[in-house]
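Please keep the sequence and the structure in view while reading.

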Amino acid sequence: MNDPAATGHATGSRFSIAAGPGPATLDDLRRVQHRDRLLRTELPRVREAATAWRNGLGALLTALIGFSLIKGRADVGQLAAVGATWNGPEKPKPALRVTTPAGVACGAVVRLTRGTVVLKTKAGEVTNDLTTAISVQPVDKCPEPATG
């Protein structure tokens, strides 16, 4: 009887398995293990990089929109250099420091809608009206609240 598994040839298939030119070496095994490890970790690595890019670009876009609402289009170019530094790892997340007549809020951007920005602060989510903002500054880390 002709067993396809014994001969290494699959019936009705375009693929066949045959022995290589010589026995596999320890280097061959290491190369295969390394390639397998890279393939298994590729998706998490790509997702991590994409998340970092998304967060950085989102914060940059929020800062540019807020800045242009306050200062106008002529001064937006000053923020471009700041945005170039936000393409690294996700930690720490970039934040915005928004100063309004009501006070100062600093935190990670949660959402931006029609002239308002919602920041995630240590006190919770804070909504800021950008039309009344005195300043909008991108920061690496929010300052600790003053204790007194």
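How many salt bridges does the structure hold? The structure, which is a predicted model, holds four salt bridges, and some of them are described below.

Asp 28 pairs with Arg 31 in a salt bridge whose closest N and O atoms are 2.4 Å apart. Because these two residues are three residues apart in helix 2, they are separated by about one helical turn. Asp 28 counts as partly exposed at 27% relative accessibility, and Arg 31 also counts as partly exposed, at 47%.

Another salt bridge joins Arg 40 to Asp 36, with the closest N and O atoms 2.8 Å apart. Here the residues are four apart in helix 2, so about one helical turn separates them. Arg 40 counts as exposed at 63% relative accessibility, whereas Asp 36, at 34%, counts as partly exposed.

## A salt bridge between strands

The side chains of Glu 125 and Arg 111 meet in a salt bridge, at 3.5 Å from N to O. This pair links distant parts of the chain, since Glu 125 lies in strand 4 and Arg 111 in strand 2, 14 residues apart.

## Nonpolar residues, inside and outside

In soluble globular proteins, nonpolar side chains tend to be buried together. The largest nonpolar core has nine residues, among them Ala 63, Val 98, Val 117 and Leu 130, and strand 1 and strand 3 are the elements that each give two or more residues to this core.

Key
Residues numbered from 1 in each chain as written. Predicted model: local features only at pLDDT ≥ 70, side-chain atom pairs only at ≥ 80, totals over all residues. Heavy atoms only, no water. Core = buried A, V, L, I, M, F, W, Y, C linked by side-chain atoms within 4.5 Å. Buried < 20%, exposed > 50% of the residue type's maximum accessible area, 1.4 Å probe, protein only.
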